[in-house]
Structures are given as C-alpha cells and as structure tokens.
2 protein chains.
Amino acid sequence: MGKRARLDDFQVPFQNGDQARKAFSLADFDPGAKPFSAGSKLADRERLASYAVKLDEMQERLHAQRRERVLLVLQGMDTSGKDGTIRAVFHEVDPLGLRIATFRVPTPDEAAHDFLWRVHRQAPAAGELTIFNRSHYEDVLVPRIRGEVDADELARRYAHIRHFETLLADSGTAILKCFLHISKDQQRERLQARIDDETKHWKFDLADLEAREHWDAYQSAYAEALAATSTERAPWYVVPADSKSHRNVMVAALLLRVFESLNLEYPPAKASLQGITIK
Amino acid sequence: MGKRARLDDFQVPFQNGDQARKAFSLADFDPGAKPFSAGSKLADRERLASYAVKLDEMQERLHAQRRERVLLVLQGMDTSGKDGTIRAVFHEVDPLGLRIATFRVPTPDEAAHDFLWRVHRQAPAAGELTIFNRSHYEDVLVPRIRGEVDADELARRYAHIRHFETLLADSGTAILKCFLHISKDQQRERLQARIDDETKHWKFDLADLEAREHWDAYQSAYAEALAATSTERAPWYVVPADSKSHRNVMVAALLLRVFESLNLEYPPAKASLQGITIK
C-alpha cells in the first residue's frame, strides 16, 4: 500500500452480478496496513483528537438542522475493536447527540419477526447520529456458517438489505459501513490477553472461540456479504484494524468525509426573536 | 452556607404528611451558592476531571457486573443546564455504557397511555447507567400550572411516582434525582444570550417563555413535587446551578457517592479460562 492511499481505495466496489462479487476477497487487504496513520501512535492520537473535535462540531450542526440522519455500521470479528472504536472516536461527541444500538443474539420476540424488524426500530431519526454495534449483517454471517440458510435465502437477504438501506437513504440517511479487518494472529493475541488478565474474564466466553474455529469461512462469508451490499448510497469500507490507532483515525476520517458531504449549516436566525429583551 | 456544607444538606427531606411538605421551599436554597466548588472555574474543571475519570471506572464495573442499575433524573427550569450537565459530567464515560432518555412533549401514542408508560420503557437494564433528561416529573408540573389536574389527581400522581420508583429500587436500581436550581435573573441572562447570538436561535422557541411567565408558580409546584417524592431510595437533591462549574462538580459528586455505595467489583475470574492457550 503506497503512501498515496486514498480512502476510496478501501471502498468495496459496487458490483453487479455474482461473478464480480466472487472476485472480491479480503485477502487483498493487509490488516496490518496503516495507510492513514500519522506515523506513530502518539501522532495518531493527536490526529484523532483533531478529527474528534470536528466530529463534535458536525454532530451539533446535524442536531441543529434536524433534517439529515447519519448511520455508522460497525462489523468485524470478535476483538476487531468495535467497542474500542466507539470509545475512542466518539469521545468528544456530545453524549446527547449520539445513540448506540448494540445488536446481540436476538431475543425470542425479535426472532419472531423478520431479521430487519429490530434493526429498523433503531434507525436514526432526523438530526441523529446512530452507531450500529453489530447489525443486520450478523444475519447473513452466523446462520450461513451454521448451515441454517441456503444460497437462495442468502441472496434474498442481500436484496432485502439493499432495499432496506435504500429506504433509509431515500429518507435522508447518510450511511457508512465499516468492516474492521484484523488478522487471525492479531485476534489470537487479543484473546490470549483477555484470558491472561483475570479482571477481563467477564468479557470472555468460551463460545467466543467458535467463530475463530471457522475463521476462513467467516472471511469468505464477510467478503461475499460486503460485495453484495456495498452500494453507492451505503458503501462498505475495509478498515485495516490490527493497529488500533490507525483503525480509529481511519474510521474518524471516513465519518468526517460523510459529514462534510452533507453541507450542514446552522438553521437561519429567527426573525421572531430579533430585538427581543427578556424581562 | 458555611464551608462545611455536606451533600446531605441539599437533600430534600423525606417527609410524611401534607403539612411537612408544605413547609419545604426552594427559597431556602441560594441558586448562586457554590458549596462544592473548588474555588475557581479552573479548579472546578480539574475537580470535575478527576471525578469524571472515577465515574468512567465505576461505570465499567457496573457494566461488568451486570447486576445493579443506576438512574439519574435531571429536572429544572429552561436553561438550568440539563443538557450542559450531561455533556460536561459524562464526557469521560464510555458512550457504550451510557443511555440518555430525553422526554419531550408526549407523542399521541404516549399520551394515549398512563403517564409512566413511556418512562418505564426507558428504565435502566442490569449493568446500565441511564440519564432521564426531563422525566415523569413534567407530568406533575406542566399540567398543574395549566390547571389541567386538580389536587386529588396530583396526590394520586405523587403516589404513583413513589410506587413506581420503589419498584425500580426493589429491582436493583439506584436512583438519584437532581433539581438544577437557577435564579430567575440567571435564566434571563441565559435566555437573552441565546437571543443575542443568532447561531443559537435554533435552540429557542418563543413558547419557552411561557414557563418563565409563571416562574413563582413553577417554583411552588417544584417544591411540592420534590417534597412529595423525595424518599430514602429515590432522594431529590437541590443543586445550586447559577454557576455551571459548581453544578457539574456537585452532580458528579452526588453520582459518585451513589456508585460508591454499590460496592461494585469486577466479576471473579472464570476457572474455565485458566491456562487456556489460544491457537
């Protein structure tokens, strides 16, 4: 990866047809790359801090305007850093302006509906910035690895996802989807660190290792899902995430670009308030 | 207010009987007092920063333990600083560990239910820290000033609130309720500042002035509501809030005390994870 890397080099191409989609592979992206790093962890932290202040400012304009909506979808294997990204990138953002929807194993009530039902309820409202910590994409990954859905059902789900995201986009939602891309080695290190530190055991369940045993299958399933659902209005980006500081800087840069594309302005002054003196 | 002020001096007494309640008056509290200030805005900011780091640590334990719940209720007149408190005090807290429920004018669906229905849905789950930005207390204030509820209905609502909060407490919820107490003069300054700064007009509606016109009635209604619903397990505190930095320090100190009373510990190490090596 040359120094001139652009964010768009990490966008999953908008592809039509099964053939083109099958050509997309995550192996073409190095999880250890740091194309948007400022050169060191410290420099990255400074860069992130400057982005974070801008994000806070943009979020306030979004909120003031109450017209656009912004949705950030975070996906990735266990330990890829979804929680860490939220913590680091949105540190400066007003808690009032941020809503995080975490999707866990569906409850019986959720499972009794279609797979987009619980997700739709969490869509951002006008003026909101919402983060999906995992999302509807779990439903084209886990059931696939477990052999619970066949190719026809998967194809239908990809189509449902594209249509659903188009509905959100048509309603004024800017959508950014980030796949946090780590290597199997990096995951081993992070899992081992959690096991070796007894105070972190509460974060860990032996069932977490199930997905690791199917690493290659998950990489393929992710690649296919990303290729099948990366669209102009809801693009996927592959974020090299072995370096946490790079991951944070890149997600912040992508989100800032989305915000800037919205041309957010503060609403105009109200004539009705001109010259009023409060008694 | 002497230098030896204790937080409990600002607790609304747990009173039985209408007579005792009627004796409670907000006029006994100086909105301009700064009993928990460190001496200057800068020193307050440093104190708040140290509290904020502790709050973040406590919130992580709460989340790890997934047993207790914490609910902070913020009430106060317009411009008393509910939003500002959330922004300042919870700046360091992991966005993943914080949920803010803002209660606006009820929607038709909400209004078609009892007044606690929409509030109950927002109660914190195990391991959650939830902030109510306004709350069910609006329903013993606004309708009262507008003459939409009589004394009998008010008394029933106070009782419903006490029972509801006891239900939450019995289910493991620590409840802290803060009334952000500002003076009418301070509100005038803050409202005028919003009018004079055209970029802040989006925050302002002429209807906001309606409550100001009934200032004294609101102070009485608040005093009665606070006295009627301050209980051992869901106490109200009057937070002098003309000084923003004092307000932030005091709310953080009150919340820290609640967290400390919970004796939150990280869950024990899991025997099943001992000695495991990830491959």
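Predicted model: local features only at pLDDT ≥ 70, side-chain atom pairs only at ≥ 80, totals over all residues.
Colleague: What radius of gyration does chain A have, and what would a compact globule of 279 residues have?

Modeller: For 279 residues, a compact globule would come out near 19 Å, and chain A agrees with that. Along the principal axes, the C-alpha atoms of the chain fill a box of roughly 70 × 45 × 40 Å. The radius of gyration of chain A is 20 Å.

Colleague: How many helices and strands does chain A have?

Modeller: Both kinds of element occur in this chain. The secondary structure of chain A comes to 11 helices and five strands.

Colleague: What share of the residues of chain A count as buried?

Modeller: A residue counts as buried when its relative accessible area is under 20%. The accessible surface of chain A comes to about 13100 Å², with 48% of it belonging to carbon and sulfur atoms. Of the 279 residues, the buried share is 51%.

Colleague: Is B:His120 buried, partly exposed or exposed?

Modeller: This histidine sits in helix α5 of chain B, which covers residues 117-120. Because its relative accessibility is 39%, B:His120 counts as partly exposed.

Colleague: Which residues does B:His120 touch, not counting those up to four places away in sequence?

Modeller: B:Arg188 is 68 residues from B:His120 in sequence and 34 Å from it in space, C-alpha to C-alpha. A contact needs heavy atoms within 4.5 Å. With those sequence neighbours left out, B:His120 touches B:Phe164, B:Leu167 and B:Leu168.

Key: Residues numbered from 1 in each chain as written. Chains lettered and ligands numbered in written order. Heavy atoms only, no water. Helix = DSSP H or I, 4+ residues; strand = E, 2+ residues; numbered from the N terminus. Rg over C-alpha atoms; globule rule 2.2 N^0.38 Å. Buried < 20%, exposed > 50% of the residue type's maximum accessible area, 1.4 Å probe, protein only. Areas by Shrake-Rupley, 256 points an atom, 1.4 Å probe, with all protein chains shown as cover.
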